[in-house]
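Reader: Could we go through this structure together, one topic at a time?
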Amino acid sequence: MNSGPAAESARRVFAIAARHAYVLRRSPHRVFDVVVWPAVDVVLFGSIGIFAASRATGTARQVTLYLLVGVVLWHVVYQAQIAVATGFLEETWSRTVLNLMVTPMREWEYLAGVALFGLVKLVAGVGVVALIAWGAYAFDVTSIGVGLIPIAVLLLAIGWAIAMFVVGLVLRFGSGAEVLAWGILFMTMPLSGVFYPVSALPAAIRPIGRALPTTHAFEAGRLLAAGRPTPWGELWLAGAGTAVLVVASLGYLGWMLRIFRARGYITRYL
Amino acid sequence: METAALRAVGLVKEYRRGRAVDGVDLTVRTGERVGLLGPNGAGKTTTILMSLGVVTPDAGSVEIFGHRLPRARPTAMAEVGFAAGYLPLPNQMRVIEYLRMFGRLYGLRRADDAAQAALERFGVGHLARALGTELSSGQKTLVGIVKAVLHEPRLLVLDEPTASLDPDVAQRVRTGLGDLCAEHATALLVTSHNMVEVERLCERVVFLARGRVVADGTPSDIAHRFGRDGLEGVFLHLARDEEAA
(Lines give C-alpha, C1' and ligand atoms only; values in the text may rest on other atoms or scores of the structure.)
Protein backbone atom coordinates (compact mmCIF):
# COMPACT_ATOMS: atom_id res chain seq x y z
CA MET A 1 0.00 0.00 0.00
CA ASN A 2 1.31 3.45 -0.88
CA SER A 3 1.13 6.70 1.12
CA GLY A 4 1.70 10.45 0.71
CA PRO A 5 4.60 11.94 -1.26
CA ALA A 6 6.45 13.19 1.85
CA ALA A 7 6.28 9.78 3.52
CA GLU A 8 7.41 8.12 0.29
CA SER A 9 10.35 10.52 0.01
CA ALA A 10 11.34 9.79 3.60
CA ARG A 11 11.08 6.06 2.91
CA ARG A 12 13.39 6.40 -0.09
CA VAL A 13 15.94 8.45 1.86
CA PHE A 14 16.01 5.86 4.66
CA ALA A 15 16.15 3.00 2.13
CA ILE A 16 19.35 4.41 0.66
CA ALA A 17 20.81 5.05 4.12
CA ALA A 18 19.99 1.44 5.12
CA ARG A 19 21.53 0.10 1.92
CA HIS A 20 24.85 1.75 2.83
CA ALA A 21 24.61 0.51 6.39
CA TYR A 22 24.44 -3.07 5.06
CA VAL A 23 27.47 -2.44 2.86
CA LEU A 24 29.50 -1.10 5.78
CA ARG A 25 28.42 -3.96 8.06
CA ARG A 26 29.59 -6.57 5.56
CA SER A 27 32.75 -4.79 4.38
CA PRO A 28 35.03 -4.60 7.43
CA HIS A 29 37.83 -2.94 5.44
CA ARG A 30 35.64 0.15 5.12
CA VAL A 31 35.98 0.66 8.86
CA PHE A 32 39.44 2.04 8.07
CA ASP A 33 37.93 5.18 6.55
CA VAL A 34 35.51 5.58 9.44
CA VAL A 35 37.61 4.99 12.56
CA VAL A 36 41.13 3.74 11.85
CA TRP A 37 42.46 6.63 9.75
CA PRO A 38 40.92 9.21 12.10
CA ALA A 39 42.60 7.46 15.04
CA VAL A 40 45.94 7.38 13.19
CA ASP A 41 45.63 11.09 12.37
CA VAL A 42 44.92 12.20 15.90
CA VAL A 43 47.79 10.15 17.35
CA LEU A 44 50.14 11.43 14.65
CA PHE A 45 49.28 15.12 14.95
CA GLY A 46 48.72 15.02 18.70
CA SER A 47 52.17 13.53 19.26
CA ILE A 48 53.84 15.95 16.86
CA GLY A 49 52.14 18.75 18.78
CA ILE A 50 53.32 17.46 22.17
CA PHE A 51 56.87 17.04 20.90
CA ALA A 52 56.97 20.49 19.29
CA ALA A 53 55.39 22.20 22.30
CA SER A 54 57.97 20.69 24.65
CA ARG A 55 60.69 22.53 22.75
CA ALA A 56 58.78 25.75 22.13
CA THR A 57 58.43 28.90 24.20
CA GLY A 58 55.71 31.53 24.58
CA THR A 59 52.72 31.40 22.23
CA ALA A 60 54.45 28.72 20.14
CA ARG A 61 53.44 26.31 22.89
CA GLN A 62 49.94 26.50 21.42
CA VAL A 63 51.05 24.25 18.59
CA THR A 64 49.40 21.19 20.20
CA LEU A 65 46.10 23.03 20.43
CA TYR A 66 46.35 24.14 16.79
CA LEU A 67 47.05 20.60 15.63
CA LEU A 68 44.32 18.96 17.69
CA VAL A 69 41.65 21.53 16.77
CA GLY A 70 42.74 21.12 13.17
CA VAL A 71 42.55 17.32 13.16
CA VAL A 72 39.13 17.23 14.85
CA LEU A 73 37.62 19.77 12.45
CA TRP A 74 39.41 18.22 9.49
CA HIS A 75 37.65 14.95 10.11
CA VAL A 76 34.27 16.68 10.05
CA VAL A 77 34.81 17.85 6.49
CA TYR A 78 36.70 14.70 5.45
CA GLN A 79 34.13 12.22 6.76
CA ALA A 80 31.24 14.22 5.29
CA GLN A 81 32.92 14.27 1.88
CA ILE A 82 34.21 10.71 1.78
CA ALA A 83 30.89 9.19 2.91
CA VAL A 84 28.89 10.75 0.08
CA ALA A 85 31.56 10.28 -2.58
CA THR A 86 32.29 6.63 -1.76
CA GLY A 87 28.55 6.03 -1.30
CA PHE A 88 28.01 6.88 -4.94
CA LEU A 89 31.13 4.97 -5.99
CA GLU A 90 29.62 1.92 -4.27
CA GLU A 91 26.72 2.09 -6.75
CA THR A 92 29.14 2.15 -9.66
CA TRP A 93 31.21 -0.75 -8.28
CA SER A 94 28.12 -2.88 -7.68
CA ARG A 95 26.57 -1.75 -11.01
CA THR A 96 23.42 -0.60 -9.23
CA VAL A 97 23.26 2.79 -10.98
CA LEU A 98 20.81 1.75 -13.70
CA ASN A 99 18.50 -0.04 -11.28
CA LEU A 100 18.41 3.07 -9.10
CA MET A 101 17.81 5.40 -12.05
CA VAL A 102 14.67 3.55 -13.12
CA THR A 103 12.92 3.99 -9.77
CA PRO A 104 10.78 7.00 -8.78
CA MET A 105 13.66 8.22 -6.59
CA ARG A 106 14.71 11.81 -7.18
CA GLU A 107 18.37 12.79 -7.23
CA TRP A 108 18.07 14.78 -3.99
CA GLU A 109 16.53 11.80 -2.22
CA TYR A 110 19.52 9.68 -3.15
CA LEU A 111 21.98 12.31 -1.97
CA ALA A 112 20.03 12.80 1.25
CA GLY A 113 20.10 9.06 1.93
CA VAL A 114 23.84 8.77 1.41
CA ALA A 115 24.46 11.95 3.43
CA LEU A 116 22.23 10.65 6.23
CA PHE A 117 24.25 7.49 6.62
CA GLY A 118 27.37 9.60 6.17
CA LEU A 119 26.35 11.49 9.30
CA VAL A 120 26.41 8.25 11.25
CA LYS A 121 29.91 7.53 9.97
CA LEU A 122 30.94 11.10 10.72
CA VAL A 123 29.76 10.86 14.32
CA ALA A 124 31.73 7.61 14.68
CA GLY A 125 34.89 9.02 13.06
CA VAL A 126 34.90 12.39 14.79
CA GLY A 127 33.90 10.68 18.02
CA VAL A 128 37.02 8.52 17.84
CA VAL A 129 39.18 11.57 17.15
CA ALA A 130 37.62 13.55 20.00
CA LEU A 131 37.92 10.67 22.45
CA ILE A 132 41.60 10.04 21.68
CA ALA A 133 42.34 13.78 21.79
CA TRP A 134 40.70 13.94 25.22
CA GLY A 135 42.12 10.70 26.64
CA ALA A 136 45.65 10.90 25.27
CA TYR A 137 46.29 14.64 24.93
CA ALA A 138 43.88 16.20 27.46
CA PHE A 139 42.17 18.20 24.70
CA ASP A 140 38.44 18.53 25.29
CA VAL A 141 36.79 19.45 22.01
CA THR A 142 33.73 20.78 23.85
CA SER A 143 36.00 23.45 25.36
CA ILE A 144 35.57 25.28 22.04
CA GLY A 145 32.03 25.98 23.20
CA VAL A 146 28.78 26.41 21.28
CA GLY A 147 30.72 28.19 18.55
CA LEU A 148 31.78 24.70 17.50
CA ILE A 149 28.25 24.04 16.22
CA PRO A 150 28.18 26.57 13.33
CA ILE A 151 31.74 25.64 12.41
CA ALA A 152 30.86 21.94 12.27
CA VAL A 153 27.71 22.70 10.23
CA LEU A 154 29.72 24.76 7.74
CA LEU A 155 32.40 22.08 7.41
CA LEU A 156 29.69 19.46 6.95
CA ALA A 157 28.15 21.47 4.11
CA ILE A 158 31.59 22.00 2.55
CA GLY A 159 32.28 18.24 2.71
CA TRP A 160 28.98 17.47 1.00
CA ALA A 161 29.55 20.15 -1.64
CA ILE A 162 33.00 18.76 -2.49
CA ALA A 163 31.50 15.27 -2.65
CA MET A 164 28.95 16.51 -5.19
CA PHE A 165 31.81 17.80 -7.34
CA VAL A 166 33.41 14.34 -7.10
CA VAL A 167 30.15 12.59 -8.04
CA GLY A 168 29.78 14.97 -10.98
CA LEU A 169 33.33 14.20 -12.13
CA VAL A 170 32.71 10.44 -11.86
CA LEU A 171 29.47 10.80 -13.86
CA ARG A 172 31.33 12.72 -16.54
CA PHE A 173 34.70 10.96 -16.66
CA GLY A 174 33.92 7.51 -15.28
CA SER A 175 36.06 5.38 -13.02
CA GLY A 176 39.20 7.36 -13.90
CA ALA A 177 37.92 10.14 -11.64
CA GLU A 178 37.44 7.85 -8.64
CA VAL A 179 40.81 8.72 -7.15
CA LEU A 180 39.51 12.24 -6.54
CA ALA A 181 37.14 10.86 -3.91
CA TRP A 182 40.14 10.48 -1.63
CA GLY A 183 42.51 13.01 -3.16
CA ILE A 184 40.50 16.16 -3.75
CA LEU A 185 40.35 17.26 -0.11
CA PHE A 186 44.04 16.69 0.39
CA MET A 187 44.66 19.24 -2.37
CA THR A 188 42.74 21.86 -0.40
CA MET A 189 44.17 20.83 2.98
CA PRO A 190 47.44 22.81 2.86
CA LEU A 191 45.70 25.84 1.34
CA SER A 192 43.00 25.86 4.00
CA GLY A 193 45.37 26.33 6.92
CA VAL A 194 43.97 23.32 8.74
CA PHE A 195 46.86 23.29 11.24
CA TYR A 196 48.23 26.84 10.92
CA PRO A 197 47.07 30.37 10.12
CA VAL A 198 46.91 31.19 6.44
CA SER A 199 49.70 33.76 7.04
CA ALA A 200 52.07 30.78 7.28
CA LEU A 201 51.49 29.98 3.59
CA PRO A 202 53.87 31.29 0.92
CA ALA A 203 52.72 34.79 -0.09
CA ALA A 204 51.94 33.73 -3.66
CA ILE A 205 49.25 31.22 -2.64
CA ARG A 206 47.85 33.06 0.38
CA PRO A 207 45.05 34.68 -1.69
CA ILE A 208 43.90 31.21 -2.79
CA GLY A 209 43.82 30.09 0.82
CA ARG A 210 41.84 33.18 1.88
CA ALA A 211 39.26 32.50 -0.85
CA LEU A 212 38.45 29.06 0.54
CA PRO A 213 35.60 28.80 3.07
CA THR A 214 37.46 26.02 4.87
CA THR A 215 40.26 28.47 5.74
CA HIS A 216 37.87 30.73 7.64
CA ALA A 217 36.12 27.84 9.36
CA PHE A 218 39.42 26.44 10.65
CA GLU A 219 40.59 29.91 11.68
CA ALA A 220 37.36 30.42 13.61
CA GLY A 221 37.89 27.07 15.32
CA ARG A 222 41.41 27.97 16.40
CA LEU A 223 40.34 31.37 17.72
CA LEU A 224 37.54 29.84 19.76
CA ALA A 225 39.83 27.12 21.12
CA ALA A 226 42.31 29.81 22.15
CA GLY A 227 39.57 31.42 24.24
CA ARG A 228 38.90 34.41 21.97
CA PRO A 229 35.39 35.85 21.52
CA THR A 230 33.19 34.43 18.77
CA PRO A 231 34.94 35.39 15.50
CA TRP A 232 31.88 36.61 13.63
CA GLY A 233 33.93 37.95 10.72
CA GLU A 234 35.53 34.56 10.06
CA LEU A 235 32.21 32.78 10.48
CA TRP A 236 30.51 35.15 8.06
CA LEU A 237 33.24 34.67 5.44
CA ALA A 238 33.08 30.90 5.92
CA GLY A 239 29.28 30.97 5.64
CA ALA A 240 29.25 33.08 2.47
CA GLY A 241 31.95 30.95 0.86
CA THR A 242 30.12 27.76 1.81
CA ALA A 243 26.89 29.05 0.29
CA VAL A 244 28.68 29.82 -2.98
CA LEU A 245 30.36 26.40 -2.95
CA VAL A 246 27.10 24.54 -2.31
CA VAL A 247 25.27 26.38 -5.10
CA ALA A 248 28.19 25.81 -7.49
CA SER A 249 28.40 22.10 -6.63
CA LEU A 250 24.66 21.59 -7.15
CA GLY A 251 24.84 23.39 -10.49
CA TYR A 252 27.87 21.35 -11.52
CA LEU A 253 26.27 18.05 -10.51
CA GLY A 254 23.07 18.89 -12.42
CA TRP A 255 25.14 19.80 -15.48
CA MET A 256 27.15 16.57 -15.32
CA LEU A 257 23.96 14.54 -14.86
CA ARG A 258 22.52 16.11 -18.02
CA ILE A 259 25.72 15.18 -19.91
CA PHE A 260 25.58 11.68 -18.41
CA ARG A 261 22.07 11.18 -19.79
CA ALA A 262 22.72 12.92 -23.10
CA ARG A 263 25.84 10.89 -23.93
CA GLY A 264 24.51 7.60 -22.64
CA TYR A 265 27.33 7.12 -20.12
CA ILE A 266 25.11 4.66 -18.22
CA THR A 267 26.54 2.02 -20.56
CA ARG A 268 29.77 2.21 -18.51
CA TYR A 269 27.89 0.54 -15.67
CA LEU A 270 25.95 -2.18 -17.47
CA MET B 1 -7.45 8.35 -27.44
CA GLU B 2 -6.44 5.46 -25.18
CA THR B 3 -3.51 6.22 -22.85
CA ALA B 4 -0.68 3.92 -23.84
CA ALA B 5 1.54 2.26 -21.28
CA LEU B 6 4.49 3.49 -23.36
CA ARG B 7 4.42 5.86 -26.29
CA ALA B 8 7.79 6.72 -27.83
CA VAL B 9 7.68 8.85 -30.95
CA GLY B 10 10.52 9.59 -33.38
CA LEU B 11 13.35 8.55 -31.07
CA VAL B 12 16.80 9.40 -32.37
CA LYS B 13 20.12 8.82 -30.64
CA GLU B 14 23.51 9.48 -32.11
CA TYR B 15 26.70 8.37 -30.42
CA ARG B 16 30.25 9.09 -31.59
CA ARG B 17 30.38 5.70 -33.31
CA GLY B 18 27.26 6.50 -35.30
CA ARG B 19 23.48 6.66 -35.11
CA ALA B 20 22.25 3.99 -32.69
CA VAL B 21 18.54 4.76 -33.00
CA ASP B 22 17.09 6.44 -36.05
CA GLY B 23 13.49 7.56 -35.74
CA VAL B 24 11.95 4.73 -33.73
CA ASP B 25 8.23 4.85 -32.94
CA LEU B 26 7.22 2.37 -30.26
CA THR B 27 3.86 2.03 -28.57
CA VAL B 28 2.93 -0.52 -25.94
CA ARG B 29 -0.76 -0.50 -25.07
CA THR B 30 -2.11 -1.20 -21.60
CA GLY B 31 -1.92 -4.92 -20.91
CA GLU B 32 -0.13 -5.64 -24.18
CA ARG B 33 2.94 -7.91 -24.33
CA VAL B 34 5.50 -6.71 -26.86
CA GLY B 35 8.82 -8.22 -27.84
CA LEU B 36 11.56 -5.86 -29.03
CA LEU B 37 13.90 -7.88 -31.20
CA GLY B 38 16.88 -7.36 -33.41
CA PRO B 39 20.50 -8.32 -33.90
CA ASN B 40 23.27 -7.01 -31.64
CA GLY B 41 23.73 -3.30 -32.23
CA ALA B 42 20.24 -2.86 -33.66
CA GLY B 43 19.42 -0.23 -31.01
CA LYS B 44 17.22 -2.27 -28.63
CA THR B 45 18.95 -1.35 -25.38
CA THR B 46 19.36 2.30 -26.38
CA THR B 47 15.65 2.42 -27.23
CA ILE B 48 14.79 0.91 -23.84
CA LEU B 49 17.14 3.27 -21.98
CA MET B 50 15.56 6.26 -23.72
CA SER B 51 12.10 4.90 -22.96
CA LEU B 52 13.04 4.76 -19.28
CA GLY B 53 14.51 8.27 -19.21
CA VAL B 54 18.05 7.08 -18.46
CA VAL B 55 19.37 8.29 -21.81
CA THR B 56 18.11 11.56 -23.28
CA PRO B 57 17.03 11.22 -26.92
CA ASP B 58 18.50 13.68 -29.45
CA ALA B 59 15.01 13.91 -30.91
CA GLY B 60 11.60 12.45 -30.17
CA SER B 61 9.47 12.10 -27.08
CA VAL B 62 8.53 9.45 -24.52
CA GLU B 63 5.35 9.17 -22.46
CA ILE B 64 4.58 6.50 -19.88
CA PHE B 65 0.88 6.32 -19.03
CA GLY B 66 0.64 9.89 -20.29
CA HIS B 67 3.52 11.15 -18.11
CA ARG B 68 6.02 12.92 -20.35
CA LEU B 69 9.72 12.31 -19.74
CA PRO B 70 11.96 13.73 -18.45
CA ARG B 71 9.78 16.16 -16.49
CA ALA B 72 7.44 13.56 -15.02
CA ARG B 73 10.10 10.87 -14.64
CA PRO B 74 9.47 10.05 -10.92
CA THR B 75 5.71 9.71 -11.49
CA ALA B 76 6.26 7.66 -14.62
CA MET B 77 8.83 5.37 -12.99
CA ALA B 78 6.42 4.52 -10.18
CA GLU B 79 4.42 2.67 -12.86
CA VAL B 80 7.41 0.80 -14.29
CA GLY B 81 9.32 -2.31 -13.27
CA PHE B 82 12.67 -2.97 -14.90
CA ALA B 83 15.08 -5.89 -14.91
CA ALA B 84 18.02 -6.76 -17.09
CA GLY B 85 19.75 -10.13 -17.18
CA TYR B 86 23.15 -8.43 -17.30
CA LEU B 87 22.75 -6.46 -14.05
CA PRO B 88 24.19 -8.10 -10.92
CA LEU B 89 22.98 -8.05 -7.32
CA PRO B 90 25.06 -6.16 -4.75
CA ASN B 91 27.25 -8.71 -2.99
CA GLN B 92 26.92 -7.24 0.48
CA MET B 93 23.13 -7.43 0.72
CA ARG B 94 20.76 -10.27 1.48
CA VAL B 95 18.01 -10.82 -1.06
CA ILE B 96 15.33 -9.60 1.35
CA GLU B 97 17.37 -6.46 2.14
CA TYR B 98 17.82 -5.76 -1.56
CA LEU B 99 14.12 -6.22 -2.27
CA ARG B 100 13.14 -4.21 0.79
CA MET B 101 15.31 -1.35 -0.44
CA PHE B 102 13.67 -1.33 -3.86
CA GLY B 103 10.21 -1.76 -2.34
CA ARG B 104 10.81 1.38 -0.31
CA LEU B 105 12.24 3.21 -3.31
CA TYR B 106 8.92 2.45 -5.02
CA GLY B 107 7.12 3.86 -2.00
CA LEU B 108 5.76 0.59 -0.60
CA ARG B 109 4.85 0.76 3.07
CA ARG B 110 4.99 -3.02 3.56
CA ALA B 111 8.01 -3.72 1.44
CA ASP B 112 8.89 -6.99 3.21
CA ASP B 113 5.46 -8.51 2.59
CA ALA B 114 5.56 -7.47 -1.05
CA ALA B 115 9.08 -8.91 -1.40
CA GLN B 116 8.12 -12.24 0.12
CA ALA B 117 5.00 -12.49 -2.07
CA ALA B 118 6.99 -11.68 -5.20
CA LEU B 119 9.67 -14.26 -4.29
CA GLU B 120 6.96 -16.90 -3.79
CA ARG B 121 5.38 -16.04 -7.15
CA PHE B 122 8.59 -17.17 -8.85
CA GLY B 123 9.15 -20.10 -6.50
CA VAL B 124 12.25 -18.70 -4.80
CA GLY B 125 10.95 -17.77 -1.36
CA HIS B 126 13.79 -19.79 0.17
CA LEU B 127 16.34 -17.31 -1.21
CA ALA B 128 15.16 -14.44 0.99
CA ARG B 129 18.03 -14.73 3.50
CA ALA B 130 20.75 -15.51 0.96
CA LEU B 131 23.56 -13.05 0.28
CA GLY B 132 24.26 -11.90 -3.27
CA THR B 133 27.53 -13.86 -3.17
CA GLU B 134 25.67 -17.10 -2.40
CA LEU B 135 23.44 -17.03 -5.48
CA SER B 136 24.03 -18.60 -8.88
CA SER B 137 23.85 -16.29 -11.89
CA GLY B 138 20.40 -17.69 -12.71
CA GLN B 139 19.17 -17.03 -9.17
CA LYS B 140 20.49 -13.48 -9.37
CA THR B 141 18.58 -12.97 -12.59
CA LEU B 142 15.43 -14.32 -10.95
CA VAL B 143 15.83 -11.98 -7.99
CA GLY B 144 16.26 -9.13 -10.46
CA ILE B 145 12.92 -10.04 -12.03
CA VAL B 146 11.33 -10.31 -8.58
CA LYS B 147 12.67 -6.82 -7.85
CA ALA B 148 11.00 -5.55 -11.03
CA VAL B 149 7.55 -6.88 -10.15
CA LEU B 150 7.35 -6.41 -6.40
CA HIS B 151 5.45 -3.10 -6.62
CA GLU B 152 3.05 -4.59 -9.20
CA PRO B 153 3.96 -2.17 -11.98
CA ARG B 154 1.60 -1.43 -14.85
CA LEU B 155 4.49 -1.59 -17.32
CA LEU B 156 7.24 -4.17 -17.06
CA VAL B 157 10.40 -3.64 -19.11
CA LEU B 158 12.75 -6.60 -19.28
CA ASP B 159 16.06 -6.53 -21.14
CA GLU B 160 17.37 -10.04 -21.86
CA PRO B 161 15.60 -11.40 -18.74
CA THR B 162 16.25 -15.10 -19.23
CA ALA B 163 19.71 -15.01 -20.81
CA SER B 164 21.41 -16.88 -17.95
CA LEU B 165 18.54 -19.17 -16.93
CA ASP B 166 18.32 -22.91 -17.53
CA PRO B 167 15.26 -24.04 -19.54
CA ASP B 168 13.34 -25.11 -16.41
CA VAL B 169 13.81 -21.80 -14.60
CA ALA B 170 13.20 -19.86 -17.81
CA GLN B 171 9.91 -21.70 -18.16
CA ARG B 172 8.96 -20.78 -14.58
CA VAL B 173 9.83 -17.15 -15.30
CA ARG B 174 7.67 -17.13 -18.42
CA THR B 175 4.79 -18.65 -16.48
CA GLY B 176 5.22 -16.19 -13.61
CA LEU B 177 5.36 -13.24 -15.98
CA GLY B 178 2.40 -14.50 -17.99
CA ASP B 179 0.31 -14.90 -14.82
CA LEU B 180 1.32 -11.48 -13.54
CA CYS B 181 0.43 -9.78 -16.82
CA ALA B 182 -2.90 -11.58 -16.94
CA GLU B 183 -3.85 -10.83 -13.31
CA HIS B 184 -2.93 -7.14 -13.29
CA ALA B 185 -3.23 -6.26 -16.99
CA THR B 186 0.46 -5.42 -16.86
CA ALA B 187 1.97 -4.28 -20.13
CA LEU B 188 5.23 -5.99 -21.02
CA LEU B 189 8.12 -4.84 -23.18
CA VAL B 190 10.80 -7.49 -23.44
CA THR B 191 14.00 -7.91 -25.44
CA SER B 192 15.43 -11.36 -25.94
CA HIS B 193 17.54 -13.39 -28.29
CA ASN B 194 15.39 -16.40 -27.50
CA MET B 195 12.82 -16.33 -30.30
CA VAL B 196 10.82 -19.26 -28.93
CA GLU B 197 10.43 -17.43 -25.65
CA VAL B 198 9.23 -14.28 -27.41
CA GLU B 199 6.74 -16.25 -29.50
CA ARG B 200 5.32 -17.79 -26.33
CA LEU B 201 5.25 -14.64 -24.24
CA CYS B 202 4.43 -11.83 -26.64
CA GLU B 203 1.41 -11.10 -28.77
CA ARG B 204 3.24 -8.44 -30.79
CA VAL B 205 6.80 -8.14 -31.95
CA VAL B 206 8.79 -5.10 -33.08
CA PHE B 207 11.96 -5.84 -35.03
CA LEU B 208 14.78 -3.31 -35.09
CA ALA B 209 17.67 -3.27 -37.50
CA ARG B 210 20.29 -0.52 -37.80
CA GLY B 211 18.32 1.64 -35.40
CA ARG B 212 15.04 1.49 -37.31
CA VAL B 213 11.79 -0.42 -36.97
CA VAL B 214 11.75 -2.88 -39.85
CA ALA B 215 8.75 -4.97 -38.81
CA ASP B 216 5.86 -4.60 -36.37
CA GLY B 217 3.09 -7.15 -35.93
CA THR B 218 2.15 -10.51 -34.49
CA PRO B 219 4.90 -13.16 -34.58
CA SER B 220 3.07 -15.17 -37.26
CA ASP B 221 2.38 -12.08 -39.42
CA ILE B 222 6.02 -11.06 -39.34
CA ALA B 223 7.27 -14.55 -40.12
CA HIS B 224 4.82 -14.69 -43.03
CA ARG B 225 5.86 -11.25 -44.32
CA PHE B 226 9.53 -12.27 -44.42
CA GLY B 227 8.68 -15.67 -45.91
CA ARG B 228 10.09 -17.58 -42.91
CA ASP B 229 8.77 -20.35 -40.66
CA GLY B 230 9.19 -18.41 -37.44
CA LEU B 231 10.82 -15.45 -35.72
CA GLU B 232 14.18 -17.19 -35.65
CA GLY B 233 14.25 -17.21 -39.44
CA VAL B 234 13.38 -13.51 -39.54
CA PHE B 235 16.08 -12.78 -36.98
CA LEU B 236 18.74 -14.66 -38.97
CA HIS B 237 17.67 -12.93 -42.17
CA LEU B 238 17.96 -9.49 -40.56
CA ALA B 239 21.24 -10.28 -38.80
CA ARG B 240 22.85 -11.44 -42.06
CA ASP B 241 21.40 -8.48 -43.88
CA GLU B 242 23.01 -6.21 -41.27
CA GLU B 243 26.36 -7.99 -41.62
CA ALA B 244 26.25 -7.56 -45.38
CA ALA B 245 25.53 -3.85 -44.98
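Author: Let us begin with Arg95(A), which lies in the loop between H3 and helix H4 (97-101) of chain A; helices (H or I, at least four residues) and strands (E, at least two) are DSSP runs, numbered from the N terminus. This is a predicted model, in which local features need pLDDT of at least 70, side-chain atom pairs count only at pLDDT 80 or more, and totals for chains, interfaces and linings use all residues. Residues are numbered from 1 along each chain as its sequence is written, chains are lettered from A and ligands numbered from 1 in the order in which they are written, and side-chain values use heavy atoms, with hydrogens and water left out.

Reader: What is phi of Arg95(A) near?
Author: Phi is near 55° there, a positive value in a residue other than glycine.

Reader: At what angle do H3(A) and H7(A) cross?
Author: The axes of H3 (residues 63-93) and H7 (residues 180-188) of chain A cross at roughly 155° and come within 9 Å. Axes are lines fitted to C-alpha atoms, for helices over the stretch in contact, and angles run from 0 to 180 degrees between N-to-C directions. The crossing therefore makes H3(A) roughly antiparallel to H7(A) (under 35 degrees counts as roughly parallel, over 145 as roughly antiparallel, 65 to 115 as roughly perpendicular and the rest as oblique).

Reader: Which residues meet there?
Author: Among them are Trp74(A), Tyr78(A) and Leu89(A) in H3(A), and Leu180(A), Ile184(A) and Phe186(A) in H7(A); contact means heavy atoms within 4.5 Å. By class, this contact of H3(A) with H7(A) has 13 nonpolar, two polar and no charged residues (Ala, Val, Leu, Ile, Met, Phe, Trp, Tyr, Cys and Pro count as nonpolar, Asp, Glu, Lys and Arg as charged, and the others, Gly among them, as polar).

Reader: Which residues form an aromatic cluster?
Author: Trp74(A), Tyr78(A) and Phe186(A) form one. Rings of Phe, Tyr and Trp (its six-membered ring) pair if their centres lie within 6.5 Å; planes under 30 degrees apart count as stacked, over 60 as edge-to-face and the rest as tilted. Over all chains, the structure holds nine aromatic pairs.

Reader: And how is H3(A) placed against H9(A)?
Author: The axes of H3(A) and H9 (residues 213-225) of chain A come within 10 Å and cross at roughly 135°. H3(A) is therefore oblique to H9(A).

Reader: Changing topic, which peptide bond is cis?
Author: The bond from Leu69(B) to Pro70(B) is cis, with omega near 0°. Pro70(B) is in the loop between strand E5 (67-68) and helix H2 (73-77) of chain B.
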